[in-house]
Protein chains: 2
Amino acid sequence: MRGRGSSKDRGKVIKPPEANVRLETVPRQSTIRDVARAAGVGIGTISRVLNSSSQVSRETRARVLEAIRRLGFRPNAQARRILRRRSEIVCFLLSNRDFLHPFHARILQGVESYASSLKHHVLFAVLHYSPRVPPEKIDLPPVLQEHGLIDGVILAGTIYPNLLRRIESIHMPFVAFSNNVVGTDGEQHYDQVGFDDSNGTLQATRYLIEQGHRLIGFVGDTSYPWIQRRFDGYRQAMRESKLKPISAMPRSLDGFVDFGQKSALRILSRKTRPTAVVAGNDETAYGLWVSLRRHGVKVPEEISLIGFDDREEAVLMDPPLSTVRVHKEEIGETCMKMLLERLHHPQMAFSHRILPTEFVVRGTVLHL
Amino acid sequence: MRGRGSSKDRGKVIKPPEANVRLETVPRQSTIRDVARAAGVGIGTISRVLNSSSQVSRETRARVLEAIRRLGFRPNAQARRILRRRSEIVCFLLSNRDFLHPFHARILQGVESYASSLKHHVLFAVLHYSPRVPPEKIDLPPVLQEHGLIDGVILAGTIYPNLLRRIESIHMPFVAFSNNVVGTDGEQHYDQVGFDDSNGTLQATRYLIEQGHRLIGFVGDTSYPWIQRRFDGYRQAMRESKLKPISAMPRSLDGFVDFGQKSALRILSRKTRPTAVVAGNDETAYGLWVSLRRHGVKVPEEISLIGFDDREEAVLMDPPLSTVRVHKEEIGETCMKMLLERLHHPQMAFSHRILPTEFVVRGTVLHL
DNA sequence: CGATTCCATGGAACTGGTTCCACACCTTAG
DNA sequence: CTAAGGTGTGGAACCAGTTCCATGGAATCG
């Protein structure tokens, strides 16, 4: 068998006669060359039709499209991606610390929605790590280790600095959801999207003051930076009106609901009981609500209550919970948008986009 | 420029001298051929080392690995996939009717977990469709239209028959989460994973009977097939003990919580008020609970209550809701497992795997 | 009427991996 | 000492696309 001969033969003798039967049961996906042969044109023409790039005559285009339809041809996505050097797939990366919390699920929803409108795909991956391990020891999921599979990463969930440094080390474009970043070091080496925690509670607290409340408490686990920021907003509003902040911060290791429950006791045991409470988030507000109800304290008649996040469940509470709405889908969309900008302009300066929150008045706030 | 000459040159003259500067700012990812040259071996040897397939001498392997390390080489995932004819990416497809409901989010979690343990990737996609449109008019997301991007599909969310037929039409291996399939036509042309709705309520109702309850109601919107199956399980348990089923089925278009609230009125207006109620799901149980509380009826002192699904929130209710636990992650894992089996054995007969449920006793059930 | 420009088209060479065959070299057996 | 078998290695051909250059014919121009 001569060198050149074998090359020519291979093209046609891919299926040796005896193997034909087996191959016919699983019909091989037709390729651009099959289409070219069927339409009686060259392979380049097929490519041009597919990419509607340069000129192809009306009749030729019609013949090619007809052949494509007849053969049921669908271009191979992988092959195309090699040349394009873009996979148009982004990775939504969530730390295992958050499972797929409804809040982040909604962000994912936003990412997917915006991505798919621009013909991009979203790969979902979970990262297992602990805040303590040194960055270089964090085991990134295989998606990030492979080369060429994804174009960039959207990082959600609770993010510790070691993770940020690890992601930076692989030189993969990424955007982080910034509100759950724990312990930033000031300098910004990456793109971020977030919302304004402190402004949210600032508006909420101001609203309570407008409604005539003077004794307003804050309940939230400020060991989380985002709760701390919400506390700051509350304090600012109190300061503006020369009111004295009242806060309850029990020790709790059983999550936000438990924290809310425990802090109810502290609130109730005060000499001067507040007429309203701003909670660090909806879960804390819920815990507080449960505990107040148990103690026969009526919401909002005796104590007004405001949450934060506007989870699905907030509106289902009885009475429905007043809260600070965060547009979760919009966060996802904005993350995706920023990532695409970064991909198209790699040298662009890093930015931090802050989305507004919205105070939603429902049944748990009383006008005094 | 001669034909053959140009081919040889191209390999080396990719960067013409004057373009060198620009190219150095964005260093081209090194390829298998760069590694081969650096290690002084052939390209085949690099491939052999990467796939640890056949024999490579100890020294050669060391030299190659060293070159790989030095050049920071990472194989291009896309190129590899063309030849493998497997992308090792599966698509988790959710209908837009369900957003990313926590229930399905947990299934996704299970899919991801099992997939990643087997070095597979999960692509998240949302499908926009209405139950009414004919199958051929359903617009599948681009992932499913492309060829070679994904190996198979896991279908979750509420699934109407037109969607099933549409997916079947593209001849892509898929596994469906069967509990939310609406209107099956008996014949099974695909793989399914689900859990046993009717057995869940059967166990729960039997438990209530054991606890001495005789007047037991069922509350649930049976227009959903899965709720209907739960109703069937309840009825079977009642029949076994020769008890008369009591049910409340108000009209409600505002979701399960509202349905639960509305049915409370019906329950309470009965001459013989039931001492226990089995709800179609946790949301309905919650709605019922809210409404009962408003009417001053104590749970469980006056009425015992059982939900279904074991959502995260069930345990946070006050008292914590007794419910039928569904292992959502396990559903996801099993879907993924079945899909991989299907991919490896395309001719295998279709199967329907039913996972068990588990009755969880919490605070809302009283022993009479 | 010959030269120039333009458009449509074919196909070689390319992307970055894998596969497989040929071959060199070294044992081991006959 | 030759034949046979085994191991390690190089590289052409391959996958299924894209890119780009050469070509041929029609249209335009001087």
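The legends below describe close-up views of a predicted model.

**Figure 1. Domains of chain A, with the boundary between domain 2 and domain 3.** The domain assignment divides chain A into domain 1 (3–75), domain 2 (85–196 + 329–356) and domain 3 (197–326). Over C-alpha atoms, the centres of domain 2 of chain A and domain 3 of chain A lie 31 Å apart. At their boundary, 14 residues of domain 2 of chain A contact 14 residues of domain 3 of chain A. About 970 Å² is buried between domain 2 of chain A and domain 3 of chain A, with 51% of this area coming from carbon and sulfur atoms. On the domain 2 side of chain A, the residues that lose the most area to domain 3 of chain A are A:Asn179, A:Phe195 and A:Asp196, which together give 44% of what that side buries.

**Figure 2. Polar and charged pairs between domain 2 and domain 3 of chain A.** The interface of domain 2 of chain A and domain 3 of chain A has 1 salt bridge. A:Arg106 and A:Glu312 form a salt bridge, with 2.2 Å between the closest N and O atoms. There are 7 residue pairs in polar contact across the interface of domain 2 of chain A and domain 3 of chain A. Helix α7 (residues 102–117) of chain A, with 3 residues, gives the most to the side of domain 2 of chain A that touches domain 3 of chain A. That side of domain 2 of chain A consists of 6 nonpolar, 6 polar and 2 charged residues.

**Figure 3. Helix α3 of chain A and its packing.** Helix α3 (residues 32–39) of chain A has buried residues at A:Asp34, A:Val35, A:Ala36 and A:Ala39. At the start of α3(A), a side-chain oxygen of A:Thr31 comes to within 3.1 Å of the backbone nitrogen of A:Arg33. Just after α3(A), A:Gly40 has a positive phi of about 70 degrees.

**Figure 4. The interface of chain A and chain B.** The contact involves 43 residues from chain A and 43 residues from chain B. Between them, chain A and chain B bury about 4300 Å², and carbon and sulfur atoms account for 55% of it. On the chain A side, A:Arg74, A:Gln78 and A:His147 lose the most area to chain B, together 17% of what that side buries. The interface of chain A and chain B includes 8 salt bridges. A:Glu146 and B:Arg81 form a salt bridge, their closest N and O atoms being 2.6 Å apart. Between chain A and chain B, 24 residue pairs are in polar contact. At least two residues of the side of chain A that touches chain B come from each of α6 (77–84), α7, β2 (121–127), α8 (142–145) and α13 (282–294) of chain A. With 6 residues, β2(A) provides the largest share of that side of chain A. By class, the side of chain A that touches chain B is made of 25 nonpolar, 9 polar and 9 charged residues.

**Figure 5. Salt bridges that join chain A and chain B.** Over all chains, the structure holds 46 salt bridges. One of the pairs is A:Arg294 with B:Asp318, at 2.8 Å from N to O. A:Arg294 belongs to helix α13 of chain A and B:Asp318 to the loop between β9 (304–306) and β10 (323–325) of chain B, so the pair joins two chains. B:Asp318 is buried, at 12% relative accessibility. B:Glu313 and A:Arg311 also meet in a salt bridge (3.4 Å, N to O). The pair joins two chains because B:Glu313 lies in the loop between β9 and β10 of chain B and A:Arg311 in the loop between β9 (304–306) and β10 (323–325) of chain A. A:Arg311 has a relative accessible area of 15% and is buried. A network of salt bridges links A:Glu283, A:Arg311, A:Glu313, B:Glu283, B:Arg311 and B:Glu313.

Figure 6. The side chains of B:Asp232 and B:Arg235 form a salt bridge, 2.9 Å from N to O. B:Asp232 and B:Arg235 are 3 residues apart in helix α11 (residues 225–240) of chain B, so about one helical turn separates them. An α-helix has 3.6 residues a turn, so residues three or four places apart point the same way. B:Asp232 is partly exposed at 30% relative accessibility, and B:Arg235 is partly exposed at 31%.

**Figure 7. A:Lys119 in a loop of chain A.** A:Lys119 sits in the loop between α7 and β2 of chain A. A:Lys119 has 56% relative accessibility and counts as exposed. The C-alpha atom of A:Lys119 is 9.2 Å from that of A:Ile89, a residue 30 residues apart along the chain.

Key:
Residues numbered from 1 in each chain as written. Chains lettered and ligands numbered in written order. Predicted model: local features only at pLDDT ≥ 70, side-chain atom pairs only at ≥ 80, totals over all residues. Heavy atoms only, no water. Domains from an automatic or database assignment. Contact = heavy atoms within 4.5 Å. Buried area = accessible area lost by both parts, 1.4 Å probe. Salt bridge = Lys/Arg side-chain N within 4 Å of Asp/Glu carboxyl O. Polar contact = N/O pair within 3.5 Å; in protein donor to acceptor, adjacent residues only side chain to side chain. Helix = DSSP H or I, 4+ residues; strand = E, 2+ residues; numbered from the N terminus. Nonpolar A, V, L, I, M, F, W, Y, C, P; charged D, E, K, R; others polar. Buried < 20%, exposed > 50% of the residue type's maximum accessible area, 1.4 Å probe, protein only.
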